[in-house]
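Please keep the sequence and the model in view while reading. The paragraphs below lead from the overall layout to single residues.

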Amino acid sequence: MRLGAWRQAGDSGAVLVLACVADPLRRILQMTGVDQVLRVYETVTDAEAVAG
């Protein structure tokens, strides 16, 4: 996962979200603060409900 993809999505008006993130990766996202930049959801359904 690159934050460049997040920037490109934003530049084009799209929203990049993560769903069903495994616990080890979720901890890394939290430790690095990336979870404050990218939206992280428990399920695809949750992500679709907010982003849709």
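The structure is a predicted model, in which local features need a pLDDT of at least 70 and side-chain atom pairs count only at pLDDT 80 or more, while totals for chains, interfaces and linings use all residues. Residues are numbered from 1 along each chain as its sequence is written, and side-chain values use heavy atoms, with hydrogens and water left out. The term pLDDT denotes the predictor's confidence in each residue, from 0 to 100. The protein has an average pLDDT of 83, and 87% of its residues score at least 70. Among its elements, helix H1 (residues 3-11) has the lowest mean pLDDT, 70, and H2 has the highest, 94.

The protein contains 3 helices and 2 strands, arranged from the N terminus in the order α-β-α-β-α. Helices (H or I, at least four residues) and strands (E, at least two) are DSSP runs, numbered from the N terminus.

How much of the protein is buried? Of its 52 residues, 17% count as buried. Buried means under 20% relative accessible area, exposed means over 50%, and partly exposed lies in between (1.4 Å probe, protein chains only). In soluble globular proteins, nonpolar side chains tend to be buried together. Here the largest nonpolar core has 5 residues, namely Leu18, Val21, Leu29, Val34 and Leu38. A nonpolar core is a set of buried Ala, Val, Leu, Ile, Met, Phe, Trp, Tyr and Cys residues joined through side-chain atoms within 4.5 Å. Leaving aside residues up to four places away in sequence, Leu29 touches Leu18, Val21, Val34, Asp35 and Val40; a contact means heavy atoms within 4.5 Å.

The surface can be considered next. Accessible areas come from the Shrake-Rupley method with a 1.4 Å probe; for residues, only the protein chains shown count as cover. Leu25, Ile28 and Met31 make a nonpolar surface patch of about 330 Å². Such patches are made of residues with over 30% relative accessible area and no salt bridge; nonpolar side chains (Val, Leu, Ile, Met, Phe, Trp, Tyr) are joined within 5 Å, and like charges within 9 Å. Met31 belongs to helix H2 (residues 23-32), and its relative accessibility of 69% is why Met31 counts as exposed.

Arg26 also has its place in helix H2, but Arg26 counts as buried because its relative accessibility is 18%. Which side chain meets that of Arg26 in a salt bridge? The partner is Glu42, with a distance of 3.4 Å from N to O. Arg26 lies in helix H2 and Glu42 in the loop between E2 and helix H3 (44-51), so the pair ties together parts that are 16 residues apart in sequence. A salt bridge is a side-chain nitrogen of Lys or Arg within 4 Å of a carboxyl oxygen of Asp or Glu. By this rule the count comes to 1 salt bridge. Glu42 is exposed, with a relative accessible area of 54%.

Cys20 lies in the loop between strand E1 (17-19) and H2, and has a positive phi of about 60° although it is not a glycine. Val37 is placed in the loop between H2 and strand E2 (39-41); at 36% relative accessibility, Val37 counts as partly exposed.
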